[in-house]
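Please open the model in your viewer and keep the sequence panel beside it, as this tour moves from one selection to the next.

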Amino acid sequence: MEFGFDADGKLWLFQARPITAMGARPPRGARLLGPGPVAETLPGVLQPLEEDLWVTPMSHGLTLALDIAGSAPRRQLRKLPVVTTVDGQAAADLRLLGAIPSAHPVLDFINPAPGARRAGAAWRIGRLRSALPLLAVDLMADVDRQLADFPPPREMLSGQLLDAVAWGRQVLGSLHAQESLAGALLGAGSGATAAGEALAELTEGRRRGLSDEQLLERHPVLLALLPPTLGDRPPLPTQTGWTTAPRGVGALPVREGLRLRIRWVQEMQAQMVRDLAQRVEPGECGFGSSRLVLLRWEELVDAADGKGLPADLTERLPREDTGPLPAAFRLADGRPVAQIPPGHRASGEGQGAGGGFGTGTAWDGHGTRPEHPVLVVRSLDPALAPLLPGLTGLVAETGSALSHLAVLAREYRVPTAVGVPAAVDRFPAGTPLTVDGGTGEVTVNDTPGTAPEPTSIREESAA
């Protein structure tokens, strides 16, 4: 505002306009969100029906796991969803998941409530640690049996298709809960991953000249390399480079087996919805079958029960990709505002995920691959697995040492640092980098270095 006083002391307002130079500020106490580990399962932009089918069960399952482990107060878990969506992209409450340190460590130290809560859950955890593998095996067997019992979608009635999708929503909650608990209580197991098994199967299948459809039909483990979607399924990766022999799904550790079942159930739901969409003719309902994904789950059920479609359905538009979410952010007027998480500083320090020590050139996974590439990404998407062979480093803004891709990177002896703040923005393609997989430190070199030989990486990792 511009104002002034005249000779008589009268106040005059000259002009006023809204402030445009100040960015939106998150309200006090706004939650710290981020893609975190949920981006490994749901890396893309989700339409409303995909959100209801996959995000809601994930949030429910993680809430159950946090409650059982005593990691968060029930009052808070009931009030806030652990996983939500922002611009159609999945994001988790980083504080509830324990992905960031507390903002008030001293207060937490003197507060008896967290300790009492964890002590109350200790007896459950003690019994669950020994029982969880058997519980998980039973759950996976039940899921496999039910998936095998479903007839081909074309042979099912529309109501049966919806029942199958509803069963999937229910069982996904249990699978996510046990997968989260398995990661916390059982660790990484043998270190084998579903993505690693899929790459081995893909390499052998490509050598035999099999098409993508033939490969997926014979080896459903390959779905671990593809994100879930109700739209057209993307093609399998063209690059592989995996040289070990496949061992079969039964050789996977418990957590990886649960993750694979989650992906199988999601694919079953996608097949059922795709078949249901083909039965909806524009003339019957006034909209194209491709708009089915714009419905919410309750609206789809109501339509199946003869209650009609929402009046505004023809006006709804598909969600578009507005770019990746920041690694950590708070919402201001519904928009993400990037934040530096507590306990981090604006440097290259993250969490070491193993693999030794490597030097090379930053690469974003697109365009020409440099001679000694250090892959720098926002999240550890399993679809990046085919890029691992030959990397001299892997840097991610999110994830942990138990992340799907981090485990696979250790199999390749790739130096890996996760949880590196603003890595994509600070280390653009072409930047010479050094990655320490032990400490998580990522540094910019004055001059491009040369990557150590694979034997050196293995020796240092073993040391």
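Two strands are said to pair if DSSP finds at least two bridges between them. With that in mind, and remembering that this is a predicted model, begin by selecting strand 10, residues 373-377, together with strand 11, residues 393-396, which pair in the parallel sense over four bridges. Within this pairing, L375 stands opposite L394 of strand 11.

From V376, move to A423, which touches V376, V395 and E397, leaving aside residues up to four places away in sequence. A423 is found in helix 13, residues 423-426, and is buried, with a relative accessible area of 0%. Select E349 as well: A423 and E349 are 74 residues apart in sequence, and their C-alpha atoms are 9.8 Å apart in space.

Next, select helix 7, residues 194-207. How many of the 14 residues of helix 7 are buried? The number is 11, so helix 7 is largely enclosed by the rest of the structure; among the buried residues are A194, E197, L199, E201 and G205. To see what covers them, show helix 8 (212-218), helix 9 (254-278) and helix 12 (404-411), which are included in that cover. The end C-alpha atoms of helix 7 are 20 Å apart, which agrees with the span of 20 Å that its 14 residues should have at 1.5 Å a residue. Following helix 7 you will find G209, whose phi is positive, near 75°.

Finally, select helix 2, residues 48-69, and helix 6, residues 158-185, whose axes come within 7 Å and cross at roughly 40°. The crossing of these two helices is right-handed. Where they meet, helix 2 contributes residues including W54, M58, L62 and I68, while helix 6 contributes residues including V165, R169, H176 and L181. The residues of this contact between helix 2 and helix 6 divide into 12 nonpolar, six polar and two charged.

Notes: Residues numbered from 1 in each chain as written. Predicted model: local features only at pLDDT ≥ 70, side-chain atom pairs only at ≥ 80, totals over all residues. Heavy atoms only, no water. Axes fitted to C-alpha atoms, helices over the stretch in contact; angles between N-to-C directions. Left-handed = near helix turned anticlockwise from the far one by under 90°. Contact = heavy atoms within 4.5 Å. Nonpolar A, V, L, I, M, F, W, Y, C, P; charged D, E, K, R; others polar. Expected span 1.5 Å × (residues − 1). Buried < 20%, exposed > 50% of the residue type's maximum accessible area, 1.4 Å probe, protein only.
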